[in-house]
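Have the sequence and the model open side by side while reading. This report goes through the strands, the nonpolar cores, the charged pairs and the surface in turn.

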Amino acid sequence: PFIYLWNIFIELGFFVIFVLLLSTVRRALEHERDLAHSDYLTGAVNSRLFIELLQMEINRSQRYQHPFTIAYMDLDNFKFVNDQFGHPIGDQVLKSVVAQAKKHLRTTDVFARLGGDEFAVLLPETDQESAKVVFSKILSDISIGMQESNWSVTFSIGVLTCLTAPHSTDEIVKIVDNLMYSVKREGKDSIKYSTYAS
């Protein structure tokens with residue numbers, strides 16, 4: 001009986017160890033997946049995942065003919081803040097932008113950091129009028145935060161509502177990027193809206 005109980009005990013021990021190892025590996029894989037999809041500094045979605053989600057929204061728009069809105073946001077004078085106050089303050093600015101913007105977004109919306117001081121927003125099932133309401137709130141809230149912290153950062157934003165699905169992510173990203181740069185050329189600190197209909 002002792003040998004029988006000992007064998008059961010050993011088998012149970014191996015089973016418990018195996019389950020614990022599997023659980024640890026699964027948690028590690030989930031953590032790595034999260035890191036692969038998010039920006040390490042701000043926690044926003046990274047550019048790779050953003051493009052994947054944008055493609056999914058294009059596919060959905062092609063099927064159901066529902067509009068969606070995409071925006072490009074660039075921080076004006078961010079380099080000046082980094083130069084004057086240092087990179088730790090610059091990092092705080094970026095984190096603040098993400099935190100303030102997310103307050104006004106739905107769980108289905110996507111806020112991404114594309115790199116440096118450039119961000120993108122994807123609003124599924126959103127027409128231009130709804131997008132104007134959202135971006136008005138986002139810009140107001142973020143601007144107040146910048147002023148309260150005495151950071152001389154403003155925002156140039158291009159917002160494009162797709163009434164029909166574009167042919168590719170590259171096409172739509174190029175259009176909205178050009179919109180944002182046209183704001184830069186015209187004096188910065190503004191939002192420009194446009195629509196896409198192929």
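## A hairpin of two strands

Gly116 takes a positive phi near 55 degrees in the hairpin of S2 and S3, which has 2 residues between the strands. Strand S2 covers residues 110–115 and runs antiparallel to S3, with 5 bridges joining them. Two strands are said to pair if DSSP finds at least two bridges between them. Ala112 has Ala120 in S3 as its bridge partner. Helices (H or I, at least four residues) and strands (E, at least two) are DSSP runs numbered from the N terminus.

The model is predicted: local features need pLDDT of at least 70 and side-chain atom pairs count only at pLDDT 80 or more, while totals for chains, interfaces and linings use all residues. Residues are numbered from 1 along each chain as its sequence is written, and side-chain values use heavy atoms, with hydrogens and water left out.

## Two nonpolar cores

A nonpolar core is a set of buried Ala, Val, Leu, Ile, Met, Phe, Trp, Tyr and Cys residues joined through side-chain atoms within 4.5 Å. Buried means under 20% relative accessible area, exposed over 50%, and partly exposed in between (1.4 Å probe, protein chains only). The largest core has 29 residues, and Leu75, Val97, Phe111 and Phe155 have the most contacts inside it. Among the elements that give two or more residues to this core are strand S1 (68–76), helix H4 (87–102) and helix H5 (128–148). H5 supplies the largest share, 7 residues.

Val97 touches residues including Met73, Leu75, Phe111 and Phe155, leaving aside residues up to four places away in sequence. Contact here means heavy atoms within 4.5 Å. A second, separate core has 21 residues, among them Phe50, Phe68, Ala112 and Ile172.

## Charged pairs

Side chains of opposite charge can pair when their charged atoms come close. A salt bridge is a side-chain nitrogen of Lys or Arg within 4 Å of a carboxyl oxygen of Asp or Glu. The count by this rule is 7 salt bridges. One of them joins Asp39 and Arg113, at 3.2 Å from N to O. Asp39 is in the loop between H1 and H2 and Arg113 is in strand S2, 74 residues apart. Asp39 counts as buried because its relative accessibility is 11%, and Arg113 is buried at 12%.

Lys184 forms a salt bridge with Asp76, their closest N and O atoms being 2.7 Å apart. Lys184 lies in helix H6 and Asp76 in strand S1, so this pair ties together parts that are 108 residues apart in sequence. Asp76 is buried at 0% relative accessibility, as is Lys184 at 19%. Asp74, Asp76 and Lys184 are linked in a network of salt bridges.

Glu57 and Arg60 also meet in a salt bridge, at 2.4 Å from N to O. They are 3 residues apart in helix H2, so about one helical turn separates them. Glu57 is buried at 2% relative accessible area, whereas Arg60 is partly exposed at 36%.

## Loops with positive phi

Gln65 is not a glycine, yet its phi is positive, near 60 degrees. The residue lies in the loop between helix H2 (47–64) and S1. Gln65 counts as exposed because its relative accessibility is 51%.

Asp189, also not a glycine, has a positive phi of about 50 degrees. Asp189 sits in the loop between helix H6 (169–185) and strand S5 (190–196). At 44% relative accessibility, Asp189 is partly exposed.
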